[in-house]
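Student: Please pick one part of this model and go through it closely. Keep it brisk, and give the cut-offs as you go.

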Amino acid sequence: SGEYGSTTNTQIRVLPLEIVYSTDPVEAVSHILDNVNVEFADDYNRLASRMSSWRHKQERRLLQALAHKEKKIHVDVVIGAPVLVFPEGRHHDDHVLVVNLGELHFEDDNSTREYFDKDFDDRWRLQISSIQAQRSTTRGYYSAVSKGKDEEFQQVIEPFSVQFSVLTKVE
């Protein structure tokens, strides 16, 4: 036939990372940069310009790909958001606030095509799950992390999730 259809499958998994915020290293780096005459503005502007150019190029390529009716794109992206750890002090018995930003899951959801408006080309599902905040001591936190259990934590914000469906139409 004269149709040039194709299917692109993309599956991405990004594991979460842990970020510990402590003011000591930030203050040390700030002190060093205050005493050194370094100009980052030109490098930042050059990098920002290249990133913007790359983003616009990718955006145009994606819209061109989506404009072809015969082209199918299957996307399944799971990103484990960072866990932010805010210690109140340096001692093992000091409290720590742990903010887990959960997991972001983005995928095409065309399996339910018969249930949504025929005026749209695609349906996308975005889910952010297991967002929570907990409190513990520094010692309790590291003990729980090493054991893989969260029995050392008090819930500050109970885990919750948010889900969206997005319908798209390319003309």
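**A loop and its helix**

Tutor: Start with Asp-150, which touches Gln-134 and Ala-144, leaving out residues up to four places away in sequence; contact means heavy atoms within 4.5 Å. This is a predicted model, where local features need pLDDT of at least 70, side-chain atom pairs count only at pLDDT 80 or more, and totals for chains, interfaces and linings use all residues. Residues are numbered from 1 along each chain as its sequence is written, and side-chain values use heavy atoms, without hydrogens or water.

Asp-150 sits in the loop between helix H3 and strand E8 (154–168). Helices (H or I, at least four residues) and strands (E, at least two) are DSSP runs, numbered from the N terminus. Asp-150 is partly exposed, at 47% relative accessibility. Here buried means under 20% relative accessible area, exposed means over 50%, and partly exposed lies in between (1.4 Å probe, protein chains only). Asp-150 and Gly-140 are 10 residues apart along the chain, and their C-alpha atoms are separated by 9.1 Å.

Now go back to H3 (residues 138–147). Its buried residues are Thr-138, Gly-140, Tyr-141 and Ala-144. They span an arc of only 165 degrees around the axis, so they lie on the same side of H3. That arc is taken from the directions between the helix axis and the C-beta atoms. Ser-146 and Lys-147 are exposed on the other side of H3.

Setting aside neighbours within four places in sequence, Ala-144 contacts Lys-149, Asp-150, Glu-152 and Phe-153. Gly-148 follows H3 and has a positive phi, near 75 degrees.

Next, the core. The largest nonpolar core has 7 residues: Val-83, Val-85, Val-96, Val-98, Tyr-141, Ala-144 and Phe-153. A nonpolar core is a set of buried Ala, Val, Leu, Ile, Met, Phe, Trp, Tyr and Cys residues joined through side-chain atoms within 4.5 Å. In soluble globular proteins, nonpolar side chains tend to be buried together.

One last stop is Ser-130, in strand E7 (residues 122–137). Ser-130 is not a glycine, yet has a positive phi of about 60 degrees. Most residues other than glycine have a negative phi. Ser-130 is partly exposed, with a relative accessible area of 39%.
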